[in-house]
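Thanks, everyone. I have one structure to show today, and I will take it piece by piece. Here it is on the screen.

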Amino acid sequence: MPRKHKNKNHAHGKRYQVQGDTQEAQASAAAAPGEECLSSPSFVPQVSSQSSVAAGNHQELQGAMAPSSTVAEASCAGSEEGTQGPKEESADAAQAALVTRSIRKDTLIKKASMVMDFLLERYIMKEPITQDAMLEVIGSKFKQHFPEILSRASERVELLFGLELKEVDCSRNIYTLVNKFSLGVEEGSSDEEELPKSGLLMALLGIIFMKGNRATEEEIWEFLNVLGIHAGKKHSIFGEPRKLITKDLVQKGYLNYRQVPNSDPPGYEFLWGPRAYAETTKMKVLEVLAKIQETVPSSFPDLYDEALRDQVERAGLRGAARAPAMAEASASTRAKSYSSSHI
């Protein structure tokens with residue numbers, strides 16, 4: 001990625017095509033004639049709100065980033081019908097409606113990817129983000145769908161980069177992206193155009209938390225692959241992903257990458273690193289996952305209970321650390337008071 005000497009005009013011409021990276025994880029969907037259709041996956045992982053933790057096993061990630069299956073369902077339904085019965089016209093109408101809904105959804109997902117690219121470009125260039133400019137990106141034909149498109153785009157930006165979209169001028173519909181995580185993962189970067197990695201790190205910490213505080217390397221790559229991030233393939237934003245998660249984030253203390261004890265053949269797993277424990281909490285990570293699911297942390301009872309215990313333990317440690325200092329301060333105050341009373 002170009003460094004500091006990159007001029008503004010050249011930088012403006014470079015767009016971060018996240019969409020191109022994620023399409024490798026997409027399945028193709030049938031499209032009606034004249035319609036533009038992309039089965040681009042959502043970046044949002046789905047987690048069952050009903051926890052079924054048993055013997056220490058946490059909830060499994062669901063593949064909600066997989067493309068919409070409605071077209072496939074319609075195709076299967078059509079192939080299984082065989083000889084049409086008396087209700088042929090009704091069945092055809094229902095199938096057509098199903099395909100139409102899927103095409104609309106997939107097209108909106110593509111438009112959301114375009115808006116996401118635009119938001120990231122404006123963030124890098126430190127230029128204002130206006131609603132009029134975003135409408136130009138998606139086209140006037142989709143103006144009525146703008147709220148849904150913007151919602152999808154902002155969710156992806158928040159998940160991957162920890163950037164929250166906020167409206168700063170309601171009268172002129174001007175927005176800005178704010179880094180919502182106070183993590184030091186960006187320290188040491190000399191690239192003025194580098195995007196934050198905090199969002200991806202929080203998502204990785206969430207996967208580890210949900211997997212019982214340790215996730216196998218296979219589970220981590222399964223998650224990353226759905227995002228279009230693959231081992232050995234340089235990503236346009238995150239660079240070489242294996243180096244990022246097994247070296248960079250490990251050296252910075254956010255992840256612990258180690259061999260699974262007694263594994264044969266050798267297997268590896270990820271845990272939270274000491275800096276992750278110092279700079280964030282299980283409750284904060286759970287809040288991120290809950291927001292992705294459009295719910296609240298308590299919707300995941302077992303994870304929520306563990307996050308609460310973590311808060312109590314942290315509060316106890318802070319209290320224990322403050323006790324000696326408070327005792328010393330109290331003793332000093334009493335000594336001064338005694339001394340002044342005998343003058």
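Let me start with Glu306, which sits in helix α12, residues 301–341. Helices and strands here are DSSP runs, numbered from the N terminus: helices are H or I with at least four residues, strands are E with at least two. Before I go on, a word on the source: this is a predicted model, so local features need pLDDT of at least 70, side-chain atom pairs count only at pLDDT 80 or more, and totals for chains, interfaces and linings use all residues. Residues are numbered from 1 along each chain as its sequence is written, and side-chain values use heavy atoms, with hydrogens and water left out.

Back to Glu306. Is Glu306 buried or exposed? Glu306 counts as buried, because its relative accessibility is 11%. The cut-offs are these: buried is under 20% relative accessible area, exposed is over 50%, and partly exposed is in between, with a 1.4 Å probe and protein chains only. Which side chain does the side chain of Glu306 meet in a polar contact? That of Lys282, at 2.9 Å. A polar contact is a pair of N or O atoms within 3.5 Å; within protein, one must be able to donate a hydrogen and the other to accept it, and residues adjacent in sequence count only if both atoms are side-chain atoms.

Lys282 takes us to helix α11, residues 282–292. This helix is mostly covered, with 8 of its 11 residues buried. Just after α11 comes Glu294, with a positive phi of about 60 degrees.

Now Lys180. Lys180 is in the loop between β5 (174–179) and α7. Lys180 counts as partly exposed because its relative accessibility is 31%. Leaving out residues up to four places away in sequence, Lys180 touches Glu158, Gly162, Glu164 and Lys291. Contact means heavy atoms within 4.5 Å. Leu163 is 17 residues from Lys180 in sequence, and the two C-alpha atoms are 6.0 Å apart.

Next, the core. A nonpolar core is a set of buried Ala, Val, Leu, Ile, Met, Phe, Trp, Tyr and Cys residues joined through side-chain atoms within 4.5 Å. The largest one has 66 residues, and Leu119 and Phe161 touch the most other members. Helix α7, residues 198–210, gives the largest share of this core, 10 residues. What does Leu119 contact, beyond its neighbours within four places in sequence? Ile129, Met134, Ala153, Val157, Leu165 and Leu177.

For contrast, take Glu136 in helix α5, residues 131–138. Glu136 counts as exposed because its relative accessibility is 69%.

On to a sheet. Three strands form an open sheet in the order β6-β8-β7, with antiparallel pairing; in that count, it is a sheet of 3 strands. Strands pair if DSSP finds at least two bridges between them. The edge strands, β6 (215–216) and β7 (255–259), each pair on one side only. Between β7 and β8, residues 268–272, there are 5 bridges, in the antiparallel sense. Trp272 in β8 is the bridge partner of Leu255. Helix α9, residues 241–251, packs on the sheet and touches β7 and β8, and its direction makes about 110 degrees with that of β7. Axes are lines fitted to C-alpha atoms, for helices over the stretch in contact, and angles run from 0 to 180 degrees between N-to-C directions.

The loop between β7 and β8 holds Pro265. A cis peptide bond joins Asp264 and Pro265, with omega about 0 degrees. Asn262 is in the loop between β7 and β8 too. Asn262 is not a glycine, yet its phi is positive, about 65 degrees. Asn262 is exposed, at 81% relative accessible area.

Asn213, in the loop between α7 and β6, also has a positive phi, near 70 degrees. Asn213 is partly exposed, at 21% relative accessible area.

Last, the whole protein. How many helices and strands are there? The count is 12 helices and 8 strands. Buried residues make up 41% of the 343 residues. Of the contacts between residues at least 6 apart in sequence, 59% join residues at least 24 apart.
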